[in-house]
Amino acid sequence: MNTSACLILMLSLTISATYPIKAQERTTGKSLKEGLFQLNEIDLHVHAGKERPLPLNEWIDLFARDGRKVILLLDHLELYRMDDKEHKEWIKENNFNDWYPKTTTGKYDFIKEMSTVESRNDVLTFRGWEIWEGEFEEGLEKPPMKEAEVIGWHMSKAAWNGKAPVGKELIFRARQIVGIQKEFPVPMIIFHPFIGRIKAVREAAAKSGRNLSSIKKEEYRYFTPTEQKELIEILNGSSIYIEISRGWSTLWSDPVVREAFIEDIRPLAEGGVKFTVSTDAHGTSSFDESYNPELYCKDLRITPEDVNTIIRELLAIRAKRNLR
Ligand SMILES: [Zn+2]
Ligand SMILES: [Zn+2]
């Protein structure tokens, strides 16, 4: 073997030892770039209803100008249950524009307006609802759910007696979502399930007088390996996605949180669970921060291919509905 062949062999051995082939394939992907939206072009959680600061097209313009090409427009369904008096007071209190003044039809007026922007040719928009997970116990309001192309489930400690949900609770919810999806066959997303846990661990530490830097990786962990396996079994190949919202940008700078989160998420991504990325934008202050999901997705092994899965599925559903 000549020297240069030997060098190449040594180099390739070093590379394959450093980067396992499977992980490297997942990171680079094989899809045509032309057929993929890049991560920062995708925002699958934008509040575009009652709290919207601008007329709809102007609100979308801001996202388009910031590079977005695919947007899921939604609102909290619970905001459409106020009676006239409550609604008027709420609008006044929060200094909102009264985009949907008729409380009896507001939720349908919202959905209808969202479909008017589907003809835009600079961004691809979908419409949906964000529904509080506690409604699984308290009762779901089903008629407006039929109007959604996507349903996102808002995870929060409010549904768990004030305790931030972790792996066990998420698995319980994922099974319920599998069940309800039989009745509402649209892609569903588990919204922001993880950040509440990090905050709760930090709050508990602060309360007991501990320095935040003393928190160990194990304390932040969300899943046990058995739970990861169970969740992969439930979600792999399904149309249920997990959201990684922009809230991670700030947490990412903490190396302990980052390490714990990589251990929690990477096995899921490698096991076939699919994710979405988003800003969860409620107002114009969302544009004070940059949007760079690549920052955290790369180490989590969440690829553009993974995040394009839901977009491809939504496009296929829409195309199929338009066939006669
Ligand atoms: Zn939410
Ligand atoms: Zn939201």
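**Burial, contacts and helix packing in a predicted model**

Me: Is Lys157 buried, partly exposed or exposed?
Reply: Lys157 has 15 C-beta neighbours inside 10 Å. The model is predicted. Buried needs 20 or more such neighbours, and exposed needs 12 or fewer. The count of 15 falls in between, so Lys157 is partly exposed.

Me: Where is Lys157, and which residues is it in contact with, leaving aside neighbours within four places in sequence?
Reply: Lys157 sits in the loop that joins strand 4 (150-154) to helix 8. With neighbours within four places in sequence left aside, its contacts are Gly162, Lys163, Ala164, Pro165 and Gly196.

Me: How far is Lys157 from Asn95 in space, C-alpha to C-alpha?
Reply: Along the sequence, Lys157 and Asn95 are 62 residues apart. In space, their C-alpha atoms are separated by 28 Å.

Me: What is the relative direction of helix 8 and helix 11?
Reply: The axes of helix 8 (residues 167-183) and helix 11 (residues 225-235) come within 10 Å. They cross at roughly 15 degrees. Angles under 35 degrees count as roughly parallel, so helix 8 and helix 11 are roughly parallel.

Me: What is the handedness of that crossing, and how do its contact residues divide?
Reply: Helix 8 passes helix 11 in a left-handed crossing. Helix 8 contributes Gly167, Lys168, Leu170, Ile171, Ala174, Arg175 and Val178, and helix 11 contributes Glu227, Glu230, Leu231, Ile234 and Leu235. These residues divide into 7 nonpolar, 1 polar and 4 charged.

Me: Which element gives the most to the largest nonpolar core?
Reply: This core has 68 residues. Leu72, Leu73, Trp153 and Ile190 touch the most other members. With 6 residues, the element that gives the most is helix 13 (residues 255-270).

Me: Is Asp75 buried or exposed?
Reply: Asp75 lies in strand 2 (residues 70-76). Beyond four places in sequence, Asp75 is in contact with residues including His47, Phe110 and Trp129. Within 10 Å it has 26 other C-beta atoms. Burial needs 20 or more, so Asp75 is buried.

Me: What separates the C-alpha atoms of Leu36 and Thr309?
Reply: Leu36 is in the loop between helix 2 (21-28) and strand 1 (42-47). Leaving aside neighbours within four places in sequence, Leu36 is in contact with Ser31, Pro304, Glu305 and Asn308. Leu36 and Thr309 are 273 residues apart along the chain. Their C-alpha separation is 9.6 Å.

Technical notes:
Residues numbered from 1 in each chain as written. Chains lettered and ligands numbered in written order. Predicted model: local features only at pLDDT ≥ 70, side-chain atom pairs only at ≥ 80, totals over all residues. Axes fitted to C-alpha atoms, helices over the stretch in contact; angles between N-to-C directions. Helix = DSSP H or I, 4+ residues; strand = E, 2+ residues; numbered from the N terminus. Parallel < 35°, antiparallel > 145°, perpendicular 65-115°, else oblique. Left-handed = near helix turned anticlockwise from the far one by under 90°. Contact = placed C-beta atoms within 7 Å. Nonpolar A, V, L, I, M, F, W, Y, C, P; charged D, E, K, R; others polar. Core = buried A, V, L, I, M, F, W, Y, C linked by C-beta atoms within 7 Å.
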